[in-house]
Amino acid sequence: MKLVLVACGTALATSTVVAKKIEQIAQENGIECQTVQAKAVDAFTKYQELHPDAIVCTCQLEGDIDIPVINGRAFLTGINLQSTIDQLIEILKK
Amino acid sequence: MGSLIQVDRIQVNCLVKDQFDAIALAAKPLLEKDCITEEFIDAAIERERIFPTGLPTKIGVALPHTEAKYVLKEGISILTLKNTIVFAGMGNPKESIPVQIVFLLAISNPEKQLRILQTIITIIQNEKMLKKIRDAKEPLDIYNLVKTFL
């Protein structure tokens with residue numbers, strides 16, 4: 001089971017939509033994947049606690065993160081969406 | 001579309017001086033309908049400074065929102081701007097994004113409101129729809145446009 005941490009400023013509107021899209025994409029590609037949402041200020045702590053496989057964020061993140069961080073804005077705008085999806089799938093298939 | 005988007009929460013062709021003014025104006029109908037506390041406005045402005053919400057779609061869109069504790073009754077207001085206003089980019093505060101449409105989100109239970117949030121995202125990804133919203137002359141036109149997506 002893969003785990004993706006989804007972060008945005010308030011962990012309310014945008015991260016919920018992005019998290020659902022990621023779950024849907026993972027399912028379509030036969031990848032078992034869970035998402036956990038976090039507020040930007042809690043994201044680093046959650047990263048340390050949960051050891052996710054990747055972080056997708058719609059906000060800037062602070063702290064020393066050594067896993068892939070993907071800008072989730074494409075899931076909202078549709079701009080460069082396919083390359084973002086490809087990037088995510090590649091990480092989740094590892 | 002439930003009661004989240006209503007005609008009296010849509011304002012068209014508004015003149016504002018900056019992004020914070022736009023947020024305050026968008027919040028006005030929600031405040032009048034007791035959907036948000038007065039603190040919501042300052043909190044949304046503060047959040048916009050730290051975690052901006054501008055999106056670089058063909059017609060720029062911003063999605064200001066803030067913590068659930070300032071939301072009394074969930075609602076969404078829509079503002080179209082006469083003049084383009086600069087918001088900073090979501091995930092990239094140094095980026096300047098010219099915005100013409102603002103969706104102010106007063107949401108406290110995103111799981112429950114997922115469908116409407118996804119609808120807004122679908123609209124944002126549809127350039128033709130954004131153009132129609134920007135060019136709408138009356139709030140009712142926008143209401144009817146958005147309704148077709150639900």
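## Surroundings of A:Thr10

In this predicted model, A:Thr10 is in contact with A:Lys39, B:Arg47, B:His65, B:Thr66 and B:Glu67, once its neighbours within four places in sequence are left aside. The residue belongs to the loop that runs between strand E1 (2–8) and helix H1 (13–28) of chain A. With a relative accessible area of 5%, A:Thr10 counts as buried because that value falls under 20%.

## The interface of chain B and chain A

The contact draws 30 residues from chain B and 23 residues from chain A. Between them the two chains bury about 2100 Å², of which 65% lies on carbon and sulfur atoms. On the side of chain B, the residues that lose the most area to chain A are B:Phe51, B:Met90 and B:Gln125, which together account for 26% of what that side buries.

As for polar interactions, 3 salt bridges are found across the interface of chain B and chain A, and 9 residue pairs are in polar contact there, with both residues at pLDDT 80 or more. The elements that give two or more residues to the side of chain B touching chain A are helix H2 (39–50), strand E2 (54–55), strand E5 (92–106) and helix H3 (114–124) of chain B.

## Aromatic rings

Over all chains, the count comes to 1 aromatic pair. It is formed by A:Phe44 and A:Tyr47, whose ring centres are 5.7 Å apart and whose planes stand at 40°, so the pair is classed as tilted. Both residues lie in helix H2 (residues 40–50) of chain A, and because they are 3 residues apart, about one helical turn separates them.

In chain B, a charged residue is placed against a ring: B:Arg49 lies over the face of B:Phe20, at 4.5 Å from the ring centre.

## An exposed loop residue

A:Glu62 is located in the loop between strand E3 (54–57) and strand E4 (69–71) of chain A. Its relative accessible area of 69% is over 50%, and A:Glu62 is therefore exposed. The C-alpha atom of A:Glu62 is separated by 29 Å from that of A:Ile31, a residue 31 residues away along the chain.

Methods. Residues numbered from 1 in each chain as written. Chains lettered and ligands numbered in written order. Predicted model: local features only at pLDDT ≥ 70, side-chain atom pairs only at ≥ 80, totals over all residues. Heavy atoms only, no water. Phe/Tyr/Trp six-rings, centres within 6.5 Å; stacked < 30°, edge-to-face > 60°. Helix = DSSP H or I, 4+ residues; strand = E, 2+ residues; numbered from the N terminus. Lys NZ or Arg CZ within 6 Å of the ring centre and 35° of its normal. Buried < 20%, exposed > 50% of the residue type's maximum accessible area, 1.4 Å probe, protein only. Contact = heavy atoms within 4.5 Å. Buried area = accessible area lost by both parts, 1.4 Å probe. Salt bridge = Lys/Arg side-chain N within 4 Å of Asp/Glu carboxyl O. Polar contact = N/O pair within 3.5 Å; in protein donor to acceptor, adjacent residues only side chain to side chain.
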